[in-house]
Amino acid sequence: MDGYRIVRDRSLAEKIREYWIEAPMVAKKHRAGQFVIIRLHEHGERIPFTVVQTEAEKGLIRLISQSVGKTTEEFTDYHTGDSILDVVGPLGLATHMENWGELVVVAGGVGAAPLLPIVKSAKGSGNQVHAIIGARSKNLMILEDEFREVCDEVRVCTDDGSHGSKGLVTDVLRSWAAEGKKFAFGITAGPVIMMKATAEAMRDLSIPGLASLNPIMVDGTGMCGACRVTVHGKTRFACVEGPEFDALGVDFHELILRNRAYRKQEMEALDHYHSEGCRLLKAAQELAHV
Amino acid sequence: MSEQKRNLKLHPPRVPMPEVAPEERIKGFMEVPLGYTEEQARLEAERCLDCKNPKCVAGCPVNIDIPKFLKEIREGRYEDAARTLRETNSLPAICGRVCPQEEQCEARCIEGIKHDPVAVGNLERWVADWEREHGAIPLPEIPEPTGYKVAIVGSGPAGLTVAGDLAKLGHDVTVFEALHRPAGVLAYGIPEFRLPRMIVNSEIDYITRLGVKFVFNVVVGVTVTLDELFAEGYHTIFIGTGAGLPKMMNVPGENCVGVFSANEFLTRVNLLGASKFPEYDTPILDSRHTVVVGGGNTAMDAARIAKRLNGQKVSLVYRRSIDELPARKEEVHHAQAEGIEFNLLCNPTEVLGDENHIITGIRCVRMALGEPDDSGRRRPEPIPGSEFVLDCDAVVVAIGNSPNPILTKATPDLEVTKWGTLKIDADTGATSKSGVYAGGDIVSGAATVILAMGAGRTAAAAMHRYMMGLPRPLRQMAS
């Protein structure tokens, strides 16, 4: 097996890229909310990515990766025609979908990626879909046009005011509700700290809903429990029982701290990768001079 | 008879297995037992009484003809000995290393009644290693393709056994594996110092040369269902998905950073190379004192791995006494020799963490053994007021595994027990779903490599009979 070929790739924003990858078995089975685990190469780690979109007839899946650590940084060096060694899935449960009526999705940064298939599915189930997309600044915002194509209304915000309103997604959610909008259900995805704030706003506004969690995973099939999260006081495995859980029951504080477990090693891996890259570059330059 | 002159009345002691010294071996992941020399193997094989009514064969879950292969060693016919092993065992180099022989063949050895039993396991290992070191392992004669297609779910010991057995009978066998590498628990679970990767790779290579195909990254039940496999033309399916759902302690603080299931700890190191971080991308926490909870082989493996990561202090916590430790004696001795501290008769009650939810210690309570429980072992009961804290920065929970429910949940017509194991017919391995067989930990709950292989052999024989009773595949009739 030669791995899974990248057939298209492009930059979506600063340090955020999308990849269309040949993975026919996953493409055929995937439903909104599910993810894959990939491994770039023989020395690679296993990391999860939400499947953002599929083209089942062509056997393609679409992944979006933000460069935050060694593996995601290395992923940015993979381009059309390259192959990644392993792709397994679709993992996790599909989003429980029903016609809630007025649905709001709240996306922070790259959290827009897992929410895109969900809004499409929700629209198909007859919901009125409202989206709030937030990012630190304009050059980090992704998928806005695609949300606008599907959703009944999209509101955007940035921390620095460079695009949309200035402020946080929770400010938008609260002001939207203050206008008299009654949301029957909410789904949020993004950085854990942002989901925590969103869940608090949802509680204040009496909006029930889900958070799509992003804990550390290893096998992704329920075997290791690295992805343990506490929901309503009970330990759950996000890979097989999630990744979505009742937003009002998730212990986000614990998740933030658990996601930091390997911060030291992540820095070390990134340093090692860069110094290794420098060494190779230097060697190549020396060869070129000969 | 060439053996008439053997004097069997001397009863020489068992030839001990040479080992790497503890202070040397904890510096890396090299294999601990070094294996017999040819001379040692011949000497040990001489101890076999060649009983008229050998009990050892029945003690082996795959019924290896033990007296025969021992005689072949004595006579220097090593190729024949290897062939004898492979007649009933597709993975002899693995079984020679990880089987609990002391409870199986060696427990029934007649010589062992009054003296040391013959070291059948050490000799099995020696023959399999001799075979591998003397060129490619010869393939048996494989009959014409039958045209029947077999799908195997899971590439652990049970699946590999079924794959090997059915490929040898001319069937077209494909193994589906959820992980990115074959061999299941042999790859992610058992560490290199007990089972070198090269040995596993060599056995997989042999099975591949028998014609078996492997497909990785397929979670059957999710990526593809059993019914879809039948629709794709598979005639029969074997389920060997193992026991891959870790049991946790369910005590407060268990989700602190630094608490691992044994599966996670072992997978990071054995499957993903975390001991070679940052050459490999998967990290493991850099701990100073790891506490392993449990007393089985997995607990010993985890403790010994932790020791090798950086020479740190490693302690074991087990709720019963040393006599009830479920691990093999050999593994307990290895762990003790490597400086693992045993805290027996105590049980964790709480994991302690700091304000950042990072583990700082584990609170335990001392236990006393009361009346025997259902397992026949004396039930451990907490001694009130005996709590104490072990300061530590990592805990590995190795208290067992349940069957992974992914496939059974996706396949409602597979009958399961209340423990989530598959219901099968004991004589054939047949499940409640027509054409689907199962064996190994998914049926028995967490057990041993060799029991999984034994179950695989039973199922393979039944699957062969089942297929031969089906209409001949069209492709075969045309050719």
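Biologist: How many Å apart do the C-alpha centres of domain 2 of chain A and domain 3 of chain A lie?

Modeller: This is a predicted model, where local features need pLDDT of at least 70, side-chain atom pairs count only at pLDDT 80 or more, and totals for chains, interfaces and linings use all residues. Residues are numbered from 1 along each chain as written, chains are lettered from A, and side-chain values use heavy atoms, without hydrogens and water. Domain 2 of chain A covers 102–214 + 242–248 and domain 3 covers 261–290, with bounds from an automatic or database domain assignment. Their C-alpha centres are separated by 38 Å.

Biologist: What volume does the largest cavity have?

Modeller: A cavity is a set of points on a 1 Å grid over the protein atoms alone where a 1.4 Å probe fits but cannot get out. Volume is the space filled by probe spheres set on the points, joined across faces, edges and corners. Three cavities reach 30 Å³ or more. The largest has about 140 Å³.

Biologist: Which element supplies the largest share of the lining of the largest cavity?

Modeller: Helices (H or I, at least four residues) and strands (E, at least two) are DSSP runs, numbered from the N terminus. In chain B, β6 (259–261) and α14 (262–271) each supply at least two lining residues. The largest share, three residues, comes from α8(A).

Biologist: Is B:Gln104 buried or exposed?

Modeller: B:Gln104 sits in the loop between α6 (92–98) and α7 (105–108) of chain B. Buried means under 20% relative accessible area, exposed over 50%, partly exposed in between (1.4 Å probe, protein chains only). At 10%, B:Gln104 is buried.

Terms used:
1 Å grid on protein atoms, 1.4 Å probe; cavity = no way out; pocket = protein on both sides within 12 Å on 5 of 7 lines; lining within 4 Å.
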